[in-house]
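Here is a short briefing on one part of a protein model.

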Amino acid sequence: MPNTATSSTTLDLFLFLEIFEREGGIQSYVQDILQAYLALPNRPTAHVFSLRDRPNGDHPFQRSPLQFYYFRRQWLSLGRLQFSAALLLHLLRQQPRRVFCGHILLARLTQVLCGRLGIPYTVLTYGKEVWQPLPEPVQQALRQADEIWTISRYTRDRACAANHLDPNRFKLLPCAVDETVFTPGSKSHELLDRYQLHEATVLMTVARLWPGDAYKGVDVTIRALAAIAQAVPNVKYLVIGRGDDQPRLAQLAADLGVGDRVVFAGFVPIEQLRDHYRLADAYVMPSQEGFGIVYLEAMACGVPVLAGDDDGSADPLQDGALGWRVPHRDPEAVAVACIEMLQKTDRRCDGEWLRQQAVDQFGKAAFRQYLQTLITP
């Protein structure tokens with residue numbers, strides 16, 4: 001662990017559960033925040049605490065000015081204890097101008113320590129972790145925060161309703177898409193061969209296939225396939241993701257007579273996702289998301305998108321201006337919307353226009369501007 005000698009340098013302190021140990025939506029979002037923070041003009045020094053990361057991992061910030069402190073230990077309780085002690089010592093010695101608490105599981109500790117020392121703190125929230133009533137001490141930590149950041153209006157509104165929070169305390173920092181990574185292009189012949197899609201019109205979903213993630217709506221899209229096929233006879237459904245729910249989904253497709261139309265691709269590394277998005281004629285995920293970065297990734301690749309109509313996807317889809325929004329458990333509504341998307345008569349199917357809209361509002365430059373507005377005193 002680096003030395004924590006007293007310093008008069010202006011300091012921001014970030015606290016996260018995990019940044020690098022595994023891939024996930026929150027981890028990607030956190031890395032976007034740190035990258036954007038490094039690009040801010042006149043930014044202060046920043047230290048980053050991570051409870052669950054190892055100190056010897058290679059990551060994109062190895063040579064950045066950010067100073068990292070890692071607390072992953074063989075015994076989790078020891079890591080938490082050392083994290084808490086180091087945080088108290090850091091607050092006493094460094095006196096940061098503000099603490100950014102990256103998860104509600106760290107909010108109570110942040111509130112107790114920062115509150116006693118008079119240090120302002122901000123809590124970051126994302127999605128379902130704040131959609132239900134939280135323990136009273138965590139609610140108090142949120143109420144006493146100087147600000148609460150969140151990724152969408154939907155998460156803000158559900159968090160407020162469930163936990164008696166003031167919506168005026170919330171600031172929006174929506175997810176970002178890297179437009180240099182996710183770009184339009186022709187369909188890969190190698191992937192068309194791999195998945196036997198050469199003559200197909202392709203619907204696609206990227207989602208975890210665990211039983212607890214059934215809200216992603218893969219089963220709903222499978223139920224809609226027969227109706228879609230009546231209008232688009234060569235339609236196939238490419239499902240990217242892995243999990244224990246795949247056998248159930250495969251059996252559902254077989255029972256409904258559409259087993260030959262569903263292709264389970266399994267896990268696809270993030271560096272291969274762009275070429276998979278390019279296979280799609282439409283991206284379909286009638287889900288309940290806190291935001292839904294996958295919609296932005298698809299749009300940045302010029303692919304029209306379908307989402308649920310009661311979740312955070314209202315923000316990336318701009319309340320339907322950039323995509324289709326349907327009741328998330330309604331196969332008939334999904335079928336109707338998919339047929340409209342595949343007929344490509346709507347402006348929302350114009351890949352060049354769709355990409356430009358997504359980049360203008362949610363690209364890396366837009367994200368830096370959002371962050372600068374929030375973080376500048």
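Predicted model: local features only at pLDDT ≥ 70, side-chain atom pairs only at ≥ 80, totals over all residues.

Strand E2 spans residues 45-50. It pairs in the parallel sense with E1 and also runs parallel to E3. Helix H1 belongs to a β-α-β unit with E1 and E2, and H1 packs with helix H13.

**Strand pairing**
- Strand E1 covers residues 11-16 and pairs with E2 over six bridges, in the parallel sense.
- In that pairing, Leu 11 stands opposite Thr 45 of E2.
- Strand E3 covers residues 67-70 and is joined to E2 by four bridges, again parallel.
- On this side, Ser 50 stands opposite Tyr 70 of E3.
- E2 is mostly covered, with five of its six residues buried.

**The β-α-β unit**
- E1, helix H1 (residues 25-38) and E2 form this unit.
- The unit is right-handed.

**Helix contact**
- H1 packs with H13 (residues 364-375), and their axes lie 9 Å apart.
- The packing angle is about 75 degrees.
- Angles of 65 to 115 degrees count as roughly perpendicular, so H1 and H13 are roughly perpendicular to each other.
- H1 contributes Tyr 29, Asp 32, Ile 33, Ala 36 and Tyr 37 to the contact.
- H13 contributes Lys 364, Phe 367, Arg 368, Leu 371 and Ile 375.
- Seven of the residues in the H1 contact with H13 are nonpolar, three are charged and none is polar.

Key:
Residues numbered from 1 in each chain as written. Heavy atoms only, no water. Buried < 20%, exposed > 50% of the residue type's maximum accessible area, 1.4 Å probe, protein only. Helix = DSSP H or I, 4+ residues; strand = E, 2+ residues; numbered from the N terminus. Pairing = 2+ DSSP bridges. Right-handed = clockwise from strand over helix to strand, strands pointing away. Axes fitted to C-alpha atoms, helices over the stretch in contact; angles between N-to-C directions. Parallel < 35°, antiparallel > 145°, perpendicular 65-115°, else oblique. Contact = heavy atoms within 4.5 Å. Nonpolar A, V, L, I, M, F, W, Y, C, P; charged D, E, K, R; others polar.
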